[in-house]
Amino acid sequence: MISRRSFVAGTALTAASLSTGARAQASEVSVGVLFPTSGSGAQVGIDAIQAINVALDVINNPHPDLELPLAKGSGLPGLGGAKLRIVTADHQSDPQKGRAEAERLITQDKVSALIGSYQSAVAATISQTSERFSVPYIASDNSSPSLTRRGLKYIFRASPHDEMFSATMFDFLDGLKKAGQKVDTIALFYEDTIFGTDSSNVQRKLAGERGYKVVADVKYRANTPSLTAEVQQLKAADADVLMPSSYTTDGILLIKTMSELGYKPKAILAQAAGFSEKALYDAVGKQIEGAITRGSFSLDLAAKRPTVGLVNAMFKAKSGKDMNDNTSREFMATIVLADAINRAKSTDGAKIRDALAMTDIPGEMTIMPWKRVKFDENGQNNDADAVLLQWLGEKFVTVYPTELAIAAPKFPMSKA
Amino acid sequence: MATGLAIPQSGKDAASAFDRKRRLKLLTGLAVAAAVACLPLVVTDVYAQNIIILTLLYAALSQSWNILGGYCGQISLGHALYFGTGAYATTILYTKFGVLPWFGMIVGGVVAAAIALALGYQLFRLAGHYFSIATIVIAEAGLVLVNNWDWAGAATGIQWPFVPDSWAVLQFNPRNKLPYIYIALAFASITWLTTFSIETSRWGYWWRAVKDNADAAESLGVMIFKSKMAAAAISAFFTAIGGAFFAAFVQYIDPESVMNFQLSLLMALPAVLGGIGTLWGPAVGAAILIPLTQVTRSYLGGSGQGIDLIVYGLLVMVVALAKPEGLSSLFTSRKAPRA
């Protein structure tokens, strides 16, 4: 009967937290943060919260050496120096839970805005909730293009979506072609969940538009135990560029299978995900010297903008890792939101939304390789650029776009 | 079972005692439904109301599962297939052809029942564990198929259009969850009433006979195959209705969220925890499990430590150890089988 009693006690406790948790102090602005912190996406979610905590530090405490909005002073001057605080929630990568947690954060914790959510499927339900409650939602790291194409007024995305990412990849190929390289055929290799499906659809379309021949179009089951048949197809096609869209474990299996079957692709141009994870290069980095992945963040930028290095150091002190594709975007999303709340001079969702719509932050005031942060009528920032990073000599080197590149790309990668 | 049934002196007495008991059960059901209907007057917080809706939904789903799994004894771990069928049929009919979800819901139910019959025709030749394994495999195959079905959105899923609130398309202001609560309550009540009326029908007796000893039942003239088929079809029909409701409620579906194997477990778990093959088992199980998962995740999750899952797992284990026959046995009287 212990079980019954403890259950009752638990319920009572919850009831208590329901009544006290609601009141936020006037000198604070609450923001709801939705990430998966348990289940398969847990590590990403935990890293995200750390990145956002670094952003809170930047906003709430004086950092005279950082060139970022709100960094120099402490708190939000537009709200009398109010501090930004976050309330985190776990959506376990489930769209239904994402929606329920967004509602809870809005109605119980009275958050003024939301940030999330890694998975685009969860972003779909969070954005509908935010719209219905008139509370702005910053899609920090979701790359599905459709999210900002539904005529919603309360969703904002500062970072590029899949089409923009893929366009950069094809711009790069066009440039190589112009420089006299042989780049005529490509092979698409992608997993069968939302990420791989979206990515390959865009790449197939762009390849058609820009006159590349898709000689292999290989879809595989995510987390499959074997890729032998798939790699045989890739080997037979032997395209000029192999374009994989894979998460970490599948990416490692792909590389291992390729070397077992003696297939050395002429070039790899990856849609980030597994190919921007350190774990993949720890496992098979030697076999894919020269692989290129798109990214939304480059540490090489630190040479031009000291702020990038300083923020990275702050993050590294907390997490023991360098900032990556995801954490940099989550950090920046928080800064962009804080900037808007500050200008809105209000914690009211509709006012913050209007301030977000007026956002105009120059690229130099971010840690990203973006021209600026300025949202179109759908809440998408079209001035966000992607970068291409090449794995050379045990580290990533920015090779594209040219103005950010610190080295010329090695192409084809198998070149001696 | 072991304690023999005491036979009352006259059949008339027995019949009236039986009727009285049935009437009492029905009144209890009515009282519970009425109490739940009044709950939103006290519980006005939308988050808590959300938990009420999910609890009612899972009570209904588990009640549907219980018809096949509990009464007929055919343990299916592939009910996510029927849930997904309902969700996808409703969503596709609505988003692609403009058919109102109320109608799509019924279509989904009928399609799911047809699938259950087609599968049952093959699967009911398998007994016990083999049947359960086959249901898992087929549901997984269904998931892979939908994941690769481009016209149905494949892995990307389908979003419901964003439209003004209306009963016709089942979309309501999120601050007002009452319509969803009452729809879910109606759904739970219908599945409860179905189980209640079937319990004492010929089918109900046949199912329990099939469950206890199929060979003995057959020798007494029970049509085993037909019994199983009927149970499977009814069970699948209601499960699909639940899927349709879920799609309207969440307004976004993808294969992982409506056809995942975990869903099959979540439908079976309340019945198992509350008392498998009993009228109140699924509702009792859902009333404990669903609030527990939601509340532990919301107030203990988010830390990234997984404490919520540990607490949840522990409580399920404690219940299973303390009351292996199901929690609803706490409410049944302990007196001798016959007064």
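Chain B averages a pLDDT of 86, with 92% of the residues scoring at least 70. Here pLDDT is the predictor's confidence in each residue, from 0 to 100. This is a predicted model, in which local features need pLDDT of at least 70 and side-chain atom pairs count only at pLDDT 80 or more, while totals for chains, interfaces and linings use all residues. Residues are numbered from 1 along each chain as its sequence is written, and chains are lettered from A and ligands numbered from 1 in the order in which they are written.

**Confidence**
- The model scores ipTM 0.79 and pTM 0.82.
- Within chain B, confidence is highest in helix α3 (residues 80-97), at 95, and lowest in α13(B), at a mean of 77.
- The pLDDT falls below 50 over residues 333-339 of chain B. Beyond near neighbours in sequence, that stretch has 2 contacts in the model.

**Chain B**
- Chain B holds 13 helices and 2 strands. Helices (H or I, at least four residues) and strands (E, at least two) are DSSP runs, numbered from the N terminus.
- The radius of gyration of chain B is 21 Å, close to the 20 Å from the globule rule for 339 residues, so chain B is as compact as a globular protein of that length. The radius is taken over C-alpha atoms, and the rule is 2.2 Å times the number of residues to the power 0.38.
- Along the principal axes, the C-alpha atoms of chain B fill a box of roughly 65 × 45 × 40 Å.
- Of its 339 residues, 49% count as buried. Buried means that 20 or more other C-beta atoms, placed from the backbone, lie within 10 Å of the residue's own.
- Among contacts in chain B between residues at least 6 apart in sequence, 75% join residues at least 24 apart. A contact requires C-beta atoms, placed from the backbone, within 7 Å.

**Chain A**
- Chain A has 12 helices and 14 strands.
- Its radius of gyration is 22 Å, close to the 22 Å that the globule rule gives for 416 residues, so chain A is as compact as a globular protein of that length.
- The C-alpha trace of chain A spans about 65 × 55 × 40 Å along its principal axes.
- Buried residues make up 54% of the 416 in chain A.

**Interface**
- The contact takes 33 residues from chain B and 38 residues from chain A.
- On the chain B side, α2 (46-71), α12 (281-300) and α13 (307-322) each give two or more residues. The largest share, 5 residues, comes from α13(B).

Definitions and conventions:
A residue is buried if 20 or more other C-beta atoms lie within 10 Å of its own, exposed if 12 or fewer, and partly exposed in between; C-beta atoms are placed from the backbone.
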